[in-house]
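Keep the view open as you read.

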Amino acid sequence: MDATFTSKKGSHKGRMRTYTSPEEIDAQMKAEKEKRKDEEEGATVSDSHVEEKLPESDSEDSEDEGSQKRRGVEGLIEIENPNRVVQKVKKVTQLELEQPKQLSRREREEIEKQKAKERYMKMHLAGKTEQAKADLARLAIIRKQREDAARKKEDERKAKEAVTAAAAAAKGLHTLSLNK
């Protein structure tokens, strides 16, 4: 029984948990903010002293070292990597809002597709596309067929009227001859 008791003795489970009070958290955060402010103020003061002490002829070298802190071997070896992109911080005043927004490849393709469709529709309505020419030829054939059908129907109607008129005339003559 002692063996099982000793194995649990080293365990963290079952211990009292201690919590940090909100007042202590606030105090720690205030202390961290004050440290940051002090460090920033110290850095700006030390930077201004360094700039005053530097001669004018070495300003290019100092600007490179001051703007980018090199770590480790970077300070010793010049690196010329064309794939390395140096991120530049832009201020809001430097942003170019007047230039048109660069469209993505998908957006450009979608716009081109819409323009091509509009051009095709204009050409189609003007009757310059192959499909429009085929449609117009088909329409001409259908119109001709309808005209022929209407003409035949009209001829049949006139023939029927003529037959009925002749029948009526024959009937009328026949009835006249009987009355005499």
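This is a predicted model: local features need pLDDT of at least 70, side-chain atom pairs count only at pLDDT 80 or more; totals for chains, interfaces and linings use all residues.

Start with helix H2, which covers residues 22–53 and holds Asp38. Asp38 is out in the open, since its relative accessible area is 53% and anything over 50% counts as exposed. Together with Glu34, Glu39, Glu40 and Glu41, Asp38 makes up a negative surface patch.

Side chains of opposite charge can pair when their charged atoms come close. Arg36 is exposed at 51%, while Glu32 is partly exposed at 43%.

Now for the loop between helix H4 (105–126) and helix H5 (130–179), where you'll find Thr129. Is Thr129 buried or exposed? With 9% relative accessibility, Thr129 is buried. A polar atom of its side chain lies 3.2 Å from the backbone nitrogen of Ala132.

Carry on into helix H5, where Asp135 and Arg138 are three residues apart, about one helical turn. They form a salt bridge, with the closest N and O atoms 3.1 Å apart. Further along, Arg151 and Asp148 repeat the three-residue spacing in helix H5, and their salt bridge has its closest N and O atoms 3.0 Å apart. Arg151 is partly exposed at 48%, and Asp148 is partly exposed at 29%. Then there's a network: Glu154, Arg157 and Glu161 are joined by salt bridges that share partners.

Technical notes:
Residues are numbered from 1 along each chain as its sequence is written. Side-chain values use heavy atoms; hydrogens and water are left out. Patches are made of residues with over 30% relative accessible area and no salt bridge: like charges are joined within 9 Å, nonpolar side chains (Val, Leu, Ile, Met, Phe, Trp, Tyr) within 5 Å. Accessible areas come from the Shrake-Rupley method with a 1.4 Å probe; for residues, only the protein chains shown count as cover. A salt bridge is a side-chain nitrogen of Lys or Arg within 4 Å of a carboxyl oxygen of Asp or Glu. Lys and Arg count as positive and Asp and Glu as negative; His and the chain ends are not counted. The place of a charge is taken as NZ of Lys, CZ of Arg, CG of Asp or CD of Glu. Helices (H or I, at least four residues) and strands (E, at least two) are DSSP runs, numbered from the N terminus. Buried means under 20% relative accessible area, exposed over 50%, partly exposed in between (1.4 Å probe, protein chains only). A polar contact is a pair of N or O atoms within 3.5 Å; within protein, one must be able to donate a hydrogen and the other to accept it, and residues adjacent in sequence count only if both atoms are side-chain atoms.
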